[in-house]
Amino acid sequence: MSFPPNPNPNPNPRPNARDIEEERETEMSIETERSSTESEVSGLDYEETALTLGLPGGKRGFSETVNLGIKSSLIEARGDSSGDRSDESPDCNASVAEKPPAPKARVVGWPPVRSYRKNALKSCTFVKVQVDGAPYLRKVDLEAYRGYEQLLVALQEMFSCFTIRNYPNEERKLVDPVNGTEYVPTYEDKDGDWMLVGDVPWKMFVESCKRLRLMKSSEAVNLAPREARR
Amino acid sequence: MAAKRKKELEGEEKPQENRISTFPDEVLERVLVFVKSHKDRSAVSLVCKDWYNAERWSRTHVFIGNCYSVSPEMVARRFPNIRSLTLKGKPRFYDFNLVPPEWGADIHSWLVIFALAYPFLEELRLKRMTVTDDSLEYLARSFPGFKALSLVSCDGFSTNGLASVASYCRNLTELDIQESGIDDLGGSWLSCFPDNFTSLEALNFANLHSEVNFDSLERLVARCKSLRVLKVNKHVTLEQLRRLLIRAPQLMELGTGSFSQDHKLRSDTELENAFSNCKNLHTISGLWVVSSLYLPALYPACSNLTFLNLSYAPLQSTELAKLLPSCPLLRRLWVLDTVEDKGLEAVGSSCRLLEELRVFPADPFDQEIMLEGGHSGVTESGFISVSEGCPNLHYVLYFCRQMTNVAVATVVRNCPNFTHFRLCIMNMCQPDYLTNEPMDEAFGAVVKSCTKLRRLAVSGLLTDCAFEYIGTYAKNLETLSVAFAGSSDRGMQCVLQGCPKLRKLEIRDSPFGNAALLSGLERYESMRSLWMSACKVTMSGCRLLAREMPRLNVEVIKEDEGDDIQAEKVYVYRSVAGPRRDAPPFVLTL
């Protein structure tokens, strides 16, 4: 069986946002986009078509394409970020660059990571590490370290730009040798307070630490000095 | 035992029809014993009736890729002497929650038939099947010579089922429940192995959450002198692992427990010594909660390592870079993307013999990482580094957040021998991030360069063009996975028309409809299965397919009542057993 080329080429079969909105109201709303050749081929009446897929991206963004009625695929959609994809027309490149970062839509079973694997990794005591001024996050597993010393060494290795500088009053800071900026390791505890790392016994720290942030010394003045802490 | 049985059965079975040759059955059967591959055996059985009969009497292992393609009664009728059975059940997309849990693939009906037909059954290897505790107890009690049980990605049972197996399978050599979703009611099952039980060769309980009694485990390991595979769970500490290694220096595959701080560990040297005693280790996995401080203890055990599975160990690039030089013979490496591109550079420079690389995402759904446009994970540059250093690479599974067409083309130019190429760009429908073009050319390059390609998984923004390439060039392709790709029916049509060896096609969320589905009318009987979900296929299209091809089971999974026109999830497979008799209400067989 050979299929003649579609005489009605629709280079962008995906609906735009407005179409989607209308779809939502009329459950059975249909939009024929098939060519006549298909009826010839199969002898069927194709008056129904399109499951309009509302693949993420659409023409302008995913934020409007909430709840497409593709119940099996979407569980929630929260807007778009770099999921915007280019159309087949060549001059759409500009649209992608200026997208404001927004949360991505979540889809059942995507990315295709098995639940077993997801669950196995989730149970680790990971905390995020953020460095002021760096565009990325890392994660560390606090259970993997014996104490503060090893943690700092690991942070140093991880953000390889730092060296550790020891102060006589037992404070330790991480220093960026390029510009001499000092960073103070801080963490957010269970109560949501930001504290200096090293205040509490290690085990207590592991249990209460929710995330780490390497804060520029200049900004860390807001944190109470160690002696003043309860 | 087997030989004796065979003689009895041969006496009963003298073919009546004229013989083509005077080659005696007995000799033919003795020769056929050496034919192991099931593909070869299938070929043998097609030669003539004599050979068909000789083959069926001499076959001891059956592989069934889709448990619904045939019935247990049919298997028992055709093959009287089976000792080992491999069965696969649910469609692969079950792993990603696209198939409802009570879909089927329950092993019990098979066990009931086999208890009568194969009382001497020794091995059962299941993948994606439902196995209940009752079934496990039934198995343990029905087959006195039972030896090997392997349950990969199965569900439906609990640790009680394991207790039955441990208690009643006196000749057990293998118990492997890797990656199965099991109800973990506690670790006491391990203590059910009798004290005089010594035949164990392989034990894998890495995925269990509960703690087993360590004394029982240690004694078990000590008395099972043939133990070559041991994969424990995270509760086993380093000191405990050390003690196990002292008892089993002959181990060939080791799955460690937790690899982090352990106060009971007397010294790091003792741990290292325990590892260096294991001269036969070729596979290491586990490394749950790994501390880089202890990794060096592994180094002495790595000299003969061919497979290193670090996919649950979130290592940083420096840690990996320090570990790899100790593994010069590495052929297979699984890592998390925490190692980043720098880690992959280390792979490229240290692992000259590498044949398989899998990079899994540590945080596939982390919103924050995506929010900040994060550079976490691996990119196209890590992929290129590996391809430059590892010319023997033929299997890749790569999860990333950005990729370019040029990078993929470079990779396959460096490594043209790919047989399995699975690229997952995690952001849906993402184009080449530098040129903003679809990723068509990337996969075009893959199929053009890699003539031996058997398995392909595509991702990123793809038009029909990608599928035209696949249909034109991928002549050895057997398995294709498609998600959020293509522009029209033509895409799927190209694949169905162009890939003569295609056996499994699984598609989700792509704009392929009835015309595409029906274009494969004549293909599906030579394929194992087709899965299409959230595509444009309708019930009428499926009904037509079912009507035209009676030897296919066309099943539609209908989870919500509203829509009678769309066929949300379609599963088509060839079967000689007719429609399923155990289909749940939401599975409609057309």
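Biologist: How many of the 10 residues of helix α8 (residues 159-168) of chain B are buried?

Modeller: Eight of them are buried, so α8(B) is largely enclosed by the rest of the structure. Buried means under 20% relative accessible area, exposed means over 50%, and partly exposed is in between, with a 1.4 Å probe and protein chains only. Helices (H or I, at least four residues) and strands (E, at least two) are DSSP runs, numbered from the N terminus. This is a predicted model, where local features need pLDDT of at least 70, side-chain atom pairs count only at pLDDT 80 or more, and totals for chains, interfaces and linings use all residues. Residues are numbered from 1 along each chain as its sequence is written, chains are lettered from A and ligands numbered from 1 in the order in which they are written, and side-chain values use heavy atoms, with hydrogens and water left out.

Biologist: Which residues of α8(B) are buried?

Modeller: B:T159, B:G161, B:L162, B:A163, B:S164, B:V165, B:A166 and B:S167.

Biologist: And what covers the buried residues of α8(B)?

Modeller: The cover includes α7 (133-142), β4 (148-152), β5 (155-158), β6 (174-176) and β7 (181-183) of chain B. Contact here means heavy atoms within 4.5 Å.

Biologist: Which residues of helix α16 (residues 405-414) of chain B are buried?

Modeller: B:N405, B:A407, B:V408, B:T410, B:V411 and B:V412. Their cover includes α15, β18 (420-425) and α17 (440-449) of chain B.

Biologist: Helix pairs now. At what angle do α2 (residues 25-32) and α4 (residues 49-58) of chain B pack?

Modeller: About 55°, with the axes 9 Å apart. That makes α2(B) oblique to α4(B). Axes are lines fitted to C-alpha atoms, for helices over the stretch in contact, and angles run from 0 to 180 degrees between N-to-C directions. Under 35 degrees counts as roughly parallel, over 145 as roughly antiparallel, 65 to 115 as roughly perpendicular and the rest as oblique.

Biologist: Left-handed or right-handed crossing for α2(B) and α4(B)?

Modeller: Right-handed. A crossing is right-handed if the near helix is turned clockwise from the far one by less than a right angle, and left-handed if anticlockwise.

Biologist: Which residues meet there, α2(B) against α4(B)?

Modeller: B:L28, B:E29 and B:L32 in α2(B) meet B:D50, B:W51, B:A54, B:E55, B:W57 and B:S58 in α4(B). By class, that contact has five nonpolar, one polar and three charged residues. Ala, Val, Leu, Ile, Met, Phe, Trp, Tyr, Cys and Pro count as nonpolar, Asp, Glu, Lys and Arg as charged, and the others, Gly among them, as polar.

Biologist: What about α13 (residues 340-350) and α15 (residues 380-389) of chain B, at what angle do they pack?

Modeller: About 5°, with their axes 7 Å apart. That makes α13(B) roughly parallel to α15(B). B:D341, B:L344, B:E345, B:V347 and B:G348 in α13(B) meet B:S381, B:G382, B:F383, B:S385, B:V386 and B:G389 in α15(B). The classes are four nonpolar, five polar and two charged residues.

Biologist: Strands. In which sense do β20 (residues 479-483) and β21 of chain B pair?

Modeller: Parallel, over five bridges. Strands pair if DSSP finds at least two bridges between them. B:L480 has B:L505 in β21(B) as its bridge partner. Four of the five residues of β21(B) (residues 504-508) are buried, so that strand is largely enclosed by the rest of the structure.

Biologist: Over to chain A. Where is A:P111?

Modeller: In the loop between β2 (106-107) and α4 (115-122) of chain A. The peptide bond from A:W110 to A:P111 is cis, with omega near -5°.
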